[in-house]
Amino acid sequence: MATNNERQLDDAQAFGSVLKSFFKSRAFVYCRSVVFSAIMYFVAYYLSFAIKTDGFELTGFSRPGLKNLLLFWHSVGWVLAIKLLVVFVRRTYRNLGFYATMRDLRFIIVDAVLSFACILIWFTIGNKAGFFKIEVPFSILFLDMIFSVIIRGGVRLFRRFVKESVLPRLDPDSDEEPAFLVGANTAGAHIANTINTQHNVGYHVVGFLTIHHYKVKMSVATVPVVAHVDDLVEAASRYGVNTILFVAGSLPGKLFREIYNRCDKHGLKLQVVPQVEFLPDKKIPIREIDINDLLKRDPINLDTKKISALVEGRRIMVTGAGGSIGSEICRQLMRFNPKELILLGRGENRIFFLERELRALGSPTVLTPVIADVSNAPRIDSIFSSLRPQIVFHAAAHKHVPLMEANIPEAIRNNIYGTKVVADASDRYGVEKFVMISTDKAVNPTSVMGCSKQMAERYVNARGVGSKTKFIVTRFGNVLGSNGSVVPIFTKQIQNGGPITITDLRMTRYFMTIPEASQLVLEAASMGEGGEIFVLDMGEPVKIVELAKDMIRLAGLPENAIEIKEIGLRPGEKLYEELYFESEERIETNQPKLFAAKHREFKLAEVQAQLDELLQLTSGPQEKIRERLQDFVPEYKPTIIQPNQAKKA
């Protein structure tokens, strides 16, 4: 049984916990901000009066002094009320950070100007209407506006000075590690300032590395630009630095790879700072580098106005919404505020979790999850009839090459017939734009999957002739991190101790990240006028064996720690990927990351007849389907698998 002292101690601890929670609550913090603003505004108004009434005469007992004193106290209530109302309406009381940035100064100036205008208007109306008799000189109100900016801005500047300059000196034994940051620019300055003032990251940026020689020996936000990236090793030795920080996606993967190789060779640690906004009280999530960083190309500059004009306020449907590309397209679309986003997919679990993820964004966009098979024509017709999408992104497809070699009828039903069903419904119900997600494997195909996508491309092109719907095709290669792609497979093999299995040491592939692919699909949709094939800039092809070596090193292991084993080409695989047919006419676009081509001409009746025949063959022997695919697509050359290779595969 607890004693009185123990109960009193428990009560005191409980009370302390409640008190601590109260002082950390949002309501208390906002109230504190409003009170401080009121105090600063009072001081500003008092100083304005004091200066304009001859050296604080308002505190005296002379007749002029008494008159000024009464005017001050009669007017100060209105002045504070109007100023705090402006702060409340503009919600600047929420800006609680200690930074004295240009953005903060802009907010403070706007508050002061609006307050000055509102006070002037209110006193003018009140005096003329006879509500009160408060005649504050214009000069006092104007001076008050100036002091409001100086005092509020000065307090923020002082807080920042204390945070950055005084507190660190009071803690000379700080265990923060010196580091360089790549990128001597405005974004780099913001991140360096944040790192250096938070004191919870474990690093202190002592200098910038730059890709521009002319910036060396200059400084950005008081941080010196110590060296060009080519000289990072010598600079690191000179400054005693062991860590290089790099902003994610700020430089192309080729340059990042050079920096990584240099750091790896000389024992320097390379860390990545994500491209996000940081709050003063939140720790920056610095992370290790990954394969996406090494393969990253120049950042994409999207034409957001065009994409917004296409998406905002529209009903958008994404088929295959639960897949890697489909789900990322949905995430990208949410940035542009569609009226309704229809998430159509066959797998209920993926659609369920995607809907939950998107709903957590708090967007006003209506999310409509739909479970359906794109090859079910009556079901798709019913969905289009009731939901009436205006833009359709068709990402539903079977994509795994070896699986489709073993299951040819499913490739025909889903990839070709499913595309036909959705394209026909789009044409029938007046969809504005239909965007099909295709693959570079559709060019000179060696697999059933690639051939099925080529047939689907043909049907989309033929369906678009004479249709009010604009039918557009986008092609790209392998997507890093997508379900079943090589990166997660290699990661699992490394975790298991190897070996990493590669079908052929000569094999190369084009790679891009999921966000890159999805963003460029939206860009293609915004600029497409129908009939085009948009090919996403895949950069330089990457040797798969080099990718495997990079991943071994990224795992913190020597290259020879994991065996890389060649197992021979699998059915349908190509050594090299291609992006165009020779007969496809190239056209220029305004987006440097997008190339385009005009389809070869295909007649709808001819493609329809071929598709009907293939569909009938799905109930028979698989090889019969392959034979007819070779007849319909002369460029289709199935990969020949030797008996010893087949055993390995």
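Guide: The structure holds 15 aromatic pairs, a pair being two rings of Phe, Tyr or Trp (its six-membered ring) with centres within 6.5 Å. This is a predicted model, in which local features need pLDDT of at least 70 and side-chain atom pairs count only at pLDDT 80 or more, while totals for chains, interfaces and linings use all residues. Residues are numbered from 1 along each chain as its sequence is written, and side-chain values use heavy atoms, with hydrogens and water left out.

Visitor: Why is the pair of Phe-138 and Phe-142 called stacked?

Guide: Planes under 30 degrees apart count as stacked, over 60 as edge-to-face and the rest as tilted. The ring centres of Phe-138 and Phe-142 are 6.3 Å apart and the planes lie at 20°, so the pair is stacked.

Visitor: What separates Phe-138 and Phe-142 along helix α5?

Guide: They are four residues apart in α5 (residues 138-170), and therefore about one helical turn separates them. Helices here are DSSP runs of H or I with at least four residues, strands are E runs of at least two, and both are numbered from the N terminus.

Visitor: Why does Phe-142 count as partly exposed?

Guide: Buried means under 20% relative accessible area, exposed over 50%, and partly exposed in between (1.4 Å probe, protein chains only). Phe-142 has 40% relative accessibility, so it counts as partly exposed. Phe-138, at 48%, is partly exposed as well.

Visitor: What makes the pair of Phe-352 and Phe-353 edge-to-face?

Guide: Their centres are 5.2 Å apart and the angle between the planes is 75°. Phe-352 is partly exposed, with a relative accessibility of 42%.

Visitor: What is the largest nonpolar core, and which residues have the most contacts inside it?

Guide: A nonpolar core is a set of buried Ala, Val, Leu, Ile, Met, Phe, Trp, Tyr and Cys residues joined through side-chain atoms within 4.5 Å. The largest has 48 residues, and those with the most contacts inside it include Leu-344, Ile-383 and Phe-434. Apart from this core lies another, of 38 residues, including Ile-316 and Val-521.

Visitor: Which residues does Ile-383 contact beyond its neighbours within four places in sequence?

Guide: Contact means heavy atoms within 4.5 Å. Ile-383 is in contact with Met-317, Leu-344, Val-370, Ala-372 and Arg-388.

Visitor: How much of the chain is buried?

Guide: Buried residues make up 49% of the 649 residues in the chain.
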